[in-house]
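Visitor: I would like to learn how to read this model feature by feature. Please show it and begin with the terms.

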Amino acid sequence: MKKLFASLFSLILLTACSTEPAINSQLFSDLNVAPNQTISSPFEIAGNAKGLMFFEGTFPIRLIDQDGKEIVVTHAEAQSDWMTEDFVPFIATMTFNAGSATSGILYFEQDNPSGNPEMLVPYEVPVTFFQ
């Protein structure tokens with residue numbers, strides 16, 4: 001029993017001291033966009049994000065084309081109290097012109113006013129564009 005307790009305690013301690021970021025897909029739920037979904041402008045993005053994604057009630061969402069060129073940046077807005085560790089509903093509207101691009105990535109970013117790259121918690125959803 002002591003050995004089991006010691007092993008469990010060690011596992012909890014290691015987990016608590018880990019510097020690895022959270023699994024990013026666990027930071028969102030009920031997104032209305034699925035991987036490889038076809039989108040067109042304007043596109044409303046909605047779902048739930050963990051409160052740590054927000055700063056002052058918003059976080060950025062970037063749309064990047066298949067060549068890595070940024071098409072547009074918008075901000076998701078919290079629909080309830082964002083100062084929590086729980087999920088917070090959000091909405092954002094993305095108006096864009098994809099030009100000749102056929103696909104891209106929606107890049108959900110933790111709002112990071114410090115600019116510290118270690119604090120970035122990105123989440124990517126590949127999309128295609130309606131032609």
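Guide: Buried means under 20% relative accessible area, exposed over 50%, and partly exposed in between, with a 1.4 Å probe and protein chains only. Helices (H or I, at least four residues) and strands (E, at least two) are DSSP runs, numbered from the N terminus. The model is predicted, so local features need pLDDT of at least 70 and side-chain atom pairs count only at pLDDT 80 or more, while totals for chains, interfaces and linings use all residues. Residues are numbered from 1 along each chain as its sequence is written, and side-chain values use heavy atoms, with hydrogens and water left out.

Visitor: How many helices and strands does the chain have?

Guide: The chain has one helix and eight strands. Read from the N terminus, the order of elements is α-β-β-β-β-β-β-β-β.

Visitor: In what order do the strands lie in the sheet?

Guide: Two strands pair if DSSP finds at least two bridges between them. Here the eight strands form an open sheet with mixed pairing, in the order β1-β3-β6-β5-β4-β7-β8-β2. Its edge strands, β1 (28–29) and β2 (37–39), each pair on one side only.

Visitor: What are the pairings of β6 with β3 and with β5?

Guide: β3 and β6 are antiparallel, with eight bridges. β5 (residues 70–78) and β6 (residues 87–94) are also antiparallel, with two bridges. Glu77 has Ile91 of β6 as its bridge partner.

Visitor: Where does Ser80 lie, and which residues does it touch?

Guide: Contact means heavy atoms within 4.5 Å. Ser80 is in the loop between β5 and β6, and leaving aside residues up to four places away in sequence, Ser80 touches Val88 and Pro89. With a relative accessibility of 38%, Ser80 is partly exposed. The C-alpha atoms of Ser80 and Gly57 are 8.6 Å apart, although the two residues are separated by 23 residues along the chain.

Visitor: Which residues other than glycine have a positive phi, and are they buried or exposed?

Guide: Asp30, in the loop between β1 and β2, has a phi of about 55°. Asp30 counts as exposed because its relative accessibility is 62%. Glu56 sits in the loop between β3 and β4 (58–65), and its phi is near 55°. Glu56 is exposed as well, at 58% relative accessible area.

Visitor: Where is the cis peptide bond?

Guide: The cis bond joins Ser41 and Pro42, with omega about -10°. Pro42 belongs to the loop between β2 and β3 (43–50).

Visitor: What do the totals for the chain say about burial, contacts and surface?

Guide: Of the chain's 131 residues, 33% count as buried. Among contacts between residues at least 6 apart in sequence, 61% join residues at least 24 apart. Accessible areas come from the Shrake-Rupley method with a 1.4 Å probe, and for residues only the protein chains shown count as cover. The accessible surface of the chain is about 8400 Å², and 57% of that belongs to carbon and sulfur atoms.
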